[in-house]
Amino acid sequence: MKKNEIIELNIEDITFEGSGVGRLENGMAVFVPGCAAGDRIRAKIVKVKKSYAFAIVDDYISLSPYRQENDCDIYKKCGGCCFRHITYDAELKVKENTVVENLKKEGIQVETNKIIPSPNITGYRNKAQLPIRNDADGNISIGFYAKRSHRVVNVSHCNLHPKFFDDIIEYTRCFAEKYNISSYNEENNSGLLRHLYIRYGEASGEIMVCLVINGRKLPNSDAFAAGLINLNKDITSIMLNVNTEKTNVILGRKNILLYGTPYINDILCDNKYHISPASFYQINRSGAEKLYNLAAEMAELSGNETALDLYCGVGTIGLSVANRVKKVIGVEIVPDAVEDAKRNAQINNIQNAEFICSDAAAAAEALLRHGERPDVVIVDPPRKGCSNELIGTISKLSPKKIIMISCNSATMARDIHLLEQSGYNLGKVQPIDMFPRTAHVECVVLMSRVEK
């Protein structure tokens with residue numbers, strides 16, 4: 001098989017990134033973007049490796065019953081969605097299979113529960129972080145990075161966002177053009193406007209608009225704020241975030257308030273939360289309520305436990321179970337998030353929760369030294385999963401139960417394997433879809449200490 005060769009191919013499966021998988025007679029896999037299981041295609045080979053190849057669709061011979069009409073103008077350019085060409089039921093099946101396969105790779109044989117779908121598959125995102133750059137013609141683009149690149153795809157509408165996000169994006173683009181404000185250039189760290197950052201409290205209706213700038217001030221900032229207030233009466237916070245570093249980290253350390261409050265409010269699992277720009281808060285609020293209630297049910301809390309919440313963010317998980325336990329200890333490395341968590345406990349009159357600003361592994365080690373023995377550890381790590389150090393310290397703390405909430409089933413499977421070696425049995429694995437149309441899937445895992 002050679003590059004540019006045209007072959008006929010039956011698409012038998014689909015990867016977690018949305019590419020179809022067909023096989024040649026010799027068993028060699030061919031990966032084809034934009035295909036669905038059941039498609040029969042003519043494919044043009046674009047790259048050949050030793051045991052697999054990549055191709056693009058030259059023509060469709062027959063279409064899969066799982067295929068649906070793409071409803072997004074920039075779907076093939078943007079790196080956000082990868083399942084917009086198949087039905088939601090087919091997407092859920094792919095995600096469920098991905099979790100199972102990642103567990104199998106670590107030698108873990110367990111029957112996972114059927115994946116729980118998201119309450120909403122459109123308009124569910126309460127946050128947008130949109131890079132601002134110039135296109136090849138010098139026009140301002142506000143949108144998303146194209147897949148595996150830092151080229152910005154201009155967006156006028158995204159089906160994953162609430163509709164009013166579109167208006168804020170267009171207003172910001174017009175403002176920058178009207179006042180001739182420069183956009184950021186990554187190569188030489190020049191230009192002012194880096195990102196447009198929007199947050200939304202679904203229950204409260206409050207909106208935050210934050211411009212990330214490569215400078216100390218925004219020209220005509222009063223006009224920018226006044227126009228936004230005119231645009232949408234629910235905008236209650238307008239901020240500048242200063243980031244002058246040559247980095248791909250979005251937010252800098254300094255915030256400048258232009259209007260309203262430096263945070264917005266939202267309600268999650270009956271608790272009220274202050275959310276500032278740097279605060280971690282689940283993107284899919286309705287899905288998060290399902291997720292947190294599921295975690296609490298899995299833990300089967302009696303009311304007498306001490307719960308340790310690692311990577312706690314603004315405290316949402318720990319505070320959601322505070323009325324079901326004796327004590328909550330939350331740990332988070334981001335100082336602003338810890339301050340938010342403490343404030344959130346006060347707002348909700350929760351008096352049995354304390355929050356520590358620290359690396360998760362270091363905090364767990366400190367608790368061990370002070371003789372603090374949690375009954376339940378709730379851990380919601382980043383995509384890279386738990387460090388070996390943290391796994392070891394959790395094992396030393398020896399909680400009766402570990403509830404792991406993971407957004408990466410590959411690192412989750414690795415961490416489960418390490419915890420099994422440390423004396424824990426895997427009980428349940430429950431996939432739950434928090435990010436419809438994208439490659440991401442969340443899981444809740446229950447592990448119980450083996451009693452000697």
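Mentor: Helices are DSSP runs of H or I with at least four residues, and strands are runs of E with at least two, numbered from the N terminus. Please bear in mind that this is a predicted model.

Trainee: Then what happens just after helix 7?

Mentor: Gly371 adopts a positive phi there, of about 75 degrees.

Trainee: And what is found at the start of helix 7?

Mentor: Asp359 places a side-chain oxygen within 3.1 Å of the backbone nitrogen of Ala361.

Trainee: Which residues of helix 7 are buried?

Mentor: In helix 7, which spans residues 360-369, they are Ala360, Ala361, Ala363, Ala364, Leu367 and Leu368. Because they cover an arc of only 165 degrees around the axis, they lie on the same side of helix 7. An α-helix has 3.6 residues a turn, so residues three or four places apart point the same way.

Trainee: What covers them?

Mentor: The cover includes helix 8 together with strands 15, 16 and 17.

Trainee: Turning to the sheet, what is the strand order?

Mentor: The order is 17-16-15-18-19-21-20, in an open sheet of 7 strands with mixed pairing. Strand 17 (353-357) and strand 20 (424-432) are the edges, each pairing on one side only. From one strand to the next, the twist averages 15 degrees.

Trainee: Do strands 15 and 16 run parallel or antiparallel?

Mentor: They run parallel, and 5 bridges join residues 306-310 of strand 15 to residues 327-332 of strand 16. Leu310, for instance, has Val331 in strand 16 as its bridge partner.

Trainee: Where does helix 8 pack?

Mentor: Helix 8 (residues 388-397) packs on the sheet, touching strands 15, 18, 19 and 20. Its direction makes about 180 degrees with that of strand 15.

Technical notes. Residues are numbered from 1 along each chain as its sequence is written. This is a predicted model: local features need pLDDT of at least 70, side-chain atom pairs count only at pLDDT 80 or more; totals for chains, interfaces and linings use all residues. Side-chain values use heavy atoms; hydrogens and water are left out. Two strands pair if DSSP finds at least two bridges between them. Axes are lines fitted to C-alpha atoms, for helices over the stretch in contact, and angles run from 0 to 180 degrees between N-to-C directions. Contact means heavy atoms within 4.5 Å. Buried means under 20% relative accessible area, exposed over 50%, partly exposed in between (1.4 Å probe, protein chains only). The arc is that of the directions from the helix axis to the C-beta atoms. A polar contact is a pair of N or O atoms within 3.5 Å; within protein, one must be able to donate a hydrogen and the other to accept it, and residues adjacent in sequence count only if both atoms are side-chain atoms.
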